[in-house]
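This report describes selected features of a predicted model.

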Amino acid sequence: MSTQATDMVHDEHDDHGPAKGIGRWLFSTNHKDIGTMYLVFSLVMLFIGGSMAFVVRAELFQPGLQLVEPEFFNQMITMHGLIMVFGAVMPAFVGLANWMLPMMIGAPDMALPRLNNLSFWLLPFAFTMMIGTLFMDGGGPNFGWTFYAPLSTTYAPPSVTFFIFAIHMMGASSIMGAINVIVTIMNMRAPGMTYFKMPMFCWTWLITAFLLIAVMPVLAGVVTMMLMDIHFGTAFFDAGGGGDPVLFQHVFWFFGHPEVYIMILPSFGVVSHVIPAFSRKKLFGYNSMVYAIIAIAILSFVVWAHHMFTVGMPFAGELFFMYTTMLIAIPTGVKIFNWISTMFRGSMTFETPMLYSIGFVILFTIGGLSGIMLALAPVDMVYQDTYFVVAHFHYVLVPGAIFGIFAAVYFWLPKWTGKMYDEGLAKLHFWVSFIGLNLTFFPMHFVGLAGMPRRIPDYPLQFADFNMVVSLGAFLFGASQLIFVYVLIKTLRSGEKAEQLPWDGAEGLEWTLPTPAPYHSFPTPPKVD
Amino acid sequence: MQIGRPAPLLAVCALMFGFGFLLVPLYSVFCEWAGINGKTAGIYENVDALPVIEDRIVKVQFVGNHNANLSWPFKPNQAQVKVQVGVQKKITFTVVNPTNSDVVAQAVPSVAPSEAAPHLHKIECFCFNQQPLTAGQVKEMPLVFFIDSDLPKHIKKITLSYTLFDVTPRLSKRVAVSSSIKRQEQFALAHISSK
């Protein structure tokens, strides 16, 4: 009897590969499986959100109304934003966190594996419901991804209730993911790994997770207020009942500004791994990097009203938010300086992850500089709600978040799959993306400065040439992502076997594991000195 | 207590959810304290300290707006009055309910420049209450106010504007809209089938 029992325990410990069939994915508590599911989910969402951008750019290819009704155009604009922010970028980072954090800190898995499973499986349901609103009476959300009340309450289509519930679900998912990250990093680091020996990706994700648990509940609160205004007769944002629509913008951007750092900080972490690896140097100024992230995170809570300079704020308020916003340029500048200094006099090579990282540094800086222009309250009165703003936030989000994710995927793909991707095709993917991206977003600066408003399906003739270039660039950028999918499939099916350490300059615990990384890594914690 | 555990982190989330709602009263308190947003206070009830009568004249202009989807005539009966600081003044607004159903209106005040808002006191105002209007009713609504002597010296002119909102159908608007669409559909169907 007793031998049988010990045998069973023994079996469980030795023979613990992935379960067979669909159950492996439905009930998985393995950080690598869940990470893969997050990444695949976000790739699917990237294509759905991207095809909505396709509709928008096709309509804006020429002046006049050709392809879609303005009502549908509004829904596409809104859903593109919501899906890219909540469906593509955030889940991709949680997927990377799932894959990499335990391997980087020498832990066997995430601290809360069942919560991890739940937080992933909420997402497909949330997004099915949100995309489903497009097929309901009155159409889906059409009020822009910022859903300003009362446009999103009094004047919203009836499907807004489903939108609110979807936001609740994805918020819950993000909060659970963030709690998991914090608990893992704080409790499961290998012996000897102090906070200031942690890899940068862990640091950036730790700060991101704190931002998430601080602001996602505020988002949940603001959509709950909307729900109450719509269905329960309250008047939070209804001026006729004593509420205030400007209050909505304050509460929303109190969430919204930290949210944009949630979408960029993990990328900072990725780039801080890739650039040292391909420069064959240590990261320049590790401590200042950490303090810069913390400073950015703290400042992100006191700048929110720079999104609303035109609401009629008092002069003192505009000055305050203008200066705090410009203050953020300092820690961000420190980071960019450190990346450049890391490359300085390094023996650099330009494999695909490095290309994406350098592209990140250059293009993110362009987005940062247009951000400083927008931070100036007096001139923001002119830029507000023009394509200049669209150019700015796409320059920080697409090369910022998406290029960071691509850099991470190409960098760690050999370790994940045990196979090497096709370097030539991957470089093609980078260059087509890079050219497509700049063709898409750079001319937006010009049409924006010339006064073209955002979120409008038509425009005067003088913007026609630039808009045609923008649309062509967008089609090129979208099509180049098909190369990415092809590279992934080719790697999985016929990639060459990857070496134990595919990049000779790469450092960190994850590279000490065999290739491909075993289903369970670090059953006994490694020693870090 | 250690922060890196699920329970304290969940507590942080709950607190932040509450904080989101706390922003609502905080916003009003802050606006009132800083004297921004141009909102006027409620009914003036300070009976002991009679305001000082000064030899200072301020122009007060009145504006009547209505919310975009209303078409009710709503305007002040005097566009502008000159008042002596500290002296009460009564003016009236007229509103017409042009519809053939009973409605309830609510006026929401705003003062420009907003630094004048704390110094404009209302003893009586139609904006303190919701105003029921029967079908076709023309209603004259009073406003009694005065300006106190603490009004910053550089302010010579104050604009008091009211925006009128239709607050009748607050709970049943959606139902009403969808049922009117249904009626139109039924009408269209009946029209088609009769052909």
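## Cavities in the model

When the whole structure is searched, three cavities of 30 Å³ or more are found. The volume of the largest cavity is about 100 Å³.

## Lining of the largest cavity

In total, 13 residues line the largest cavity, and those nearest its centre are Met90(A), Val94(A), Met170(A), Ser173(A) and Ser174(A). Three elements of chain A each give two or more residues to this lining: helix H4 (70-105), helix H6 (160-187) and helix H7 (200-231). The largest share comes from H6(A), which supplies five residues.

## Strand E8 of chain B

The second topic is a strand in chain B. Strand E8 (residues 138-147) of chain B is mostly covered, with seven of its 10 residues buried. In this model, buried denotes a relative accessible area under 20%.

## Partners of strand E8

Which strands pair with E8(B) in the antiparallel sense? One of them is strand E4 (residues 89-96) of chain B, which is joined to E8(B) over eight bridges. Within E8(B), Leu143(B) is the residue that stands opposite Ile91(B).

Strand E6 (residues 120-125) of chain B also pairs with E8(B) in the antiparallel sense, here over five bridges. Lys122(B) has Phe145(B) in E8(B) as its bridge partner.

Notes
Residues are numbered from 1 along each chain as its sequence is written. Chains are lettered from A and ligands numbered from 1 in the order in which they are written. This is a predicted model: local features need pLDDT of at least 70, side-chain atom pairs count only at pLDDT 80 or more; totals for chains, interfaces and linings use all residues. Side-chain values use heavy atoms; hydrogens and water are left out. On a 1 Å grid over the protein atoms alone, a cavity is a set of points where a 1.4 Å probe fits but cannot get out, and a pocket is an open set with protein on both sides within 12 Å along at least five of seven lines; lining residues have an atom within 4 Å of a point. Grid points are joined across faces, edges and corners, and a volume is the space filled by probe spheres set on the points. Helices (H or I, at least four residues) and strands (E, at least two) are DSSP runs, numbered from the N terminus. Buried means under 20% relative accessible area, exposed over 50%, partly exposed in between (1.4 Å probe, protein chains only). Two strands pair if DSSP finds at least two bridges between them.
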